Amino acid sequence: MSAPHPRRWIALVAVALAVLVIGFDTTVLNVALPDLARQLDVGTGQQQWIVDAYTVVFAAALLPAGLLGDRFGRRRTLVVGLGLFGAASLLGALASGPGSLIAARAAMGLAAAFVMPMSMAVIPAVFPPAEQRRATALLTTMTALGVPLGPIVGGLLLRGYWWGSIFLINVPLVVLGVLACLLLLPESADPAAPRLDLPAAALAAAGLSALTWGIIEGAERGWGDALVLGALLGSVVALTALVLRSRRADHPMLDLRLLAEPVFRWCAIAVTLVSVVLFGGFFVLPAYFQSVLGTDALGSGLRLMPMMGGLLVAARLAERLVRRFAPRGVVSTGLALTALALLLGSRTAVGDGYGWTALWLSLFGAGLGLVLITATASALLLLPPAKAGVGAGLVQTLRQVGGAVGVAVFGSLLAAGYRSALDVSALPADAARLARGSVIAADAVAERLGDPALAASAHGAYVHGMGLVTLVAGILAALSAVLVAARMPSGGDPAAPAAPEPAAPAAPAAPAAPGARPLAATVGDPGESSA
């Protein structure tokens, strides 16, 4: 085995900076949605698409991006992705309406797809196996920290600048990331990686886009609408065709054989499930803080600090807990903690104030941190080096699919709950239609009409919808905890070296469960001999 790269920890700083930019942008927009709704006349459905355009394109492009990085160079792909992300952020800052902003967000998602899998894939190239869990956990922590950090920085910017500043701030961060990667990060690639499968990439993009559009529009148009049913049916057809094509290919872009390893499979499932909960539940908080509690954008971001505190605690404890209780114990405990937090959040009432929210947010952050850090690191540490980009792309794809579906499903549930509890019986037809669009619109109508009863009804209706979202998300997290605890193998830390046996003969013993690189034989990597 070659000696570890001498500047590996310094190089990790460059990769961590790139990951932080992407993680930051995943949620920075949420705190600006109320301002966008007012300044650009953006409705609830368009708000969901501004969020989902990023996540859907991100998810659709992750698999081909991971393959391209393996084939043409991971550092090169990372730098190109960062450059494209900076350019798309500049376009987003200059957007003049919902349509152009949605297009810019889609371009940012495409660029981010080249960054995320490569940030994880470079770790096997520069770190020895004993250090890979710590390095992977650090990158995963940076991504997770971007979730609460984004709204805080966004709130600071929105206090003194217009909403476009939340995108403009990405540009200098991207420049720093590109320079750091070029100066500090060594190049790595797998010349044997297969060529890009364009039909498979098209099927993935079409299937994911149709699925998310159908879920978002189902609440607006009705689930029996012909276009909604057609989109959902089309998504099933496209994604089924993608799976069938991948199963027939010798070296598929979507390598489902990676899921044959039980620990990898259940870690990927856990990442997907917790992403549904994270992105779905997180969607409800900014409007609650700003409309119901009456904070500004910065106040909304600062009120997410307990979540960041929980994430930091989880980051400090995750590695030691994995070595003591194995990934299954840590992941299932994290899911159970997330479920407890959300079920507490579902008990929120209009007059509770911030104290109750701070309590369940801290538990929420700790649970998310334990799941995301442990499951992501454990899954990626099972990959052979030649599969690093494709495997990381698969995990990140499942995570983004979960996020997109979470935003779509919980956004629709929130809208339905809000409208069912809102009293607009005394309003003119036009004012009632506007008030039913969102709590932000209802506040504006109430202010224009001088109707405090409408504002009170809207706030109560929003808390009712938020309670439905957190209740359903909490039940999903609890069921996920039970499922992982019951089905995920109880093998030890994939990165932990086997305990030395001085008296044992030199002949190979039974592999550790799971070993550091068990997937090489399982998936038939083209760089491995089958002899």
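## Getting started

Helices here are DSSP runs of H or I with at least four residues, numbered from the N terminus. With that in hand, welcome to this predicted model.

## Phe 72 in helix 2

Helix 2 spans residues 44–72, and Phe 72 belongs to it. Is Phe 72 buried, partly exposed or exposed? Its relative accessible area is 47%, and Phe 72 is therefore partly exposed, since that class lies between the 20% and 50% limits.

## Helix 12 against helix 19

Now turn to a pair of helices. Helix 12 (residues 285–292) packs with helix 19 (residues 452–487) at an angle of about 155°, and their axes are 11 Å apart. Angles over 145 degrees count as roughly antiparallel, so helix 12 and helix 19 are roughly antiparallel to each other. Their crossing is left-handed.

Which residues meet here? Helix 12 brings Ala 287, Tyr 288, Ser 291 and Val 292, while helix 19 brings His 459, Tyr 462, Val 463 and Met 466. By type, the residues of this contact are six nonpolar, two polar and no charged.

## The nonpolar cores

The largest nonpolar core has 141 residues, and Phe 85, Phe 364 and Tyr 462 touch the most other members. Helix 1 (residues 8–39) gives the most to this core, with 16 residues.

Beyond its neighbours within four places in sequence, Phe 364 is in contact with Val 277, Leu 278, Met 307, Thr 338, Ala 341 and Leu 342. Another core, of five residues, lies apart from the largest one; Ala 59, Ala 60, Leu 208 and Ala 404 are among its members.

Conventions. Residues are numbered from 1 along each chain as its sequence is written. This is a predicted model: local features need pLDDT of at least 70, side-chain atom pairs count only at pLDDT 80 or more; totals for chains, interfaces and linings use all residues. Side-chain values use heavy atoms; hydrogens and water are left out. Axes are lines fitted to C-alpha atoms, for helices over the stretch in contact, and angles run from 0 to 180 degrees between N-to-C directions. Helices (H or I, at least four residues) and strands (E, at least two) are DSSP runs, numbered from the N terminus. Angles under 35 degrees count as roughly parallel, over 145 as roughly antiparallel, 65 to 115 as roughly perpendicular and the rest as oblique. A crossing is left-handed if the near helix is turned anticlockwise from the far one by less than a right angle, and right-handed if clockwise. Contact means heavy atoms within 4.5 Å. Ala, Val, Leu, Ile, Met, Phe, Trp, Tyr, Cys and Pro count as nonpolar, Asp, Glu, Lys and Arg as charged, and the others, Gly among them, as polar. A nonpolar core is a set of buried Ala, Val, Leu, Ile, Met, Phe, Trp, Tyr and Cys residues joined through side-chain atoms within 4.5 Å. Buried means under 20% relative accessible area, exposed over 50%, partly exposed in between (1.4 Å probe, protein chains only).
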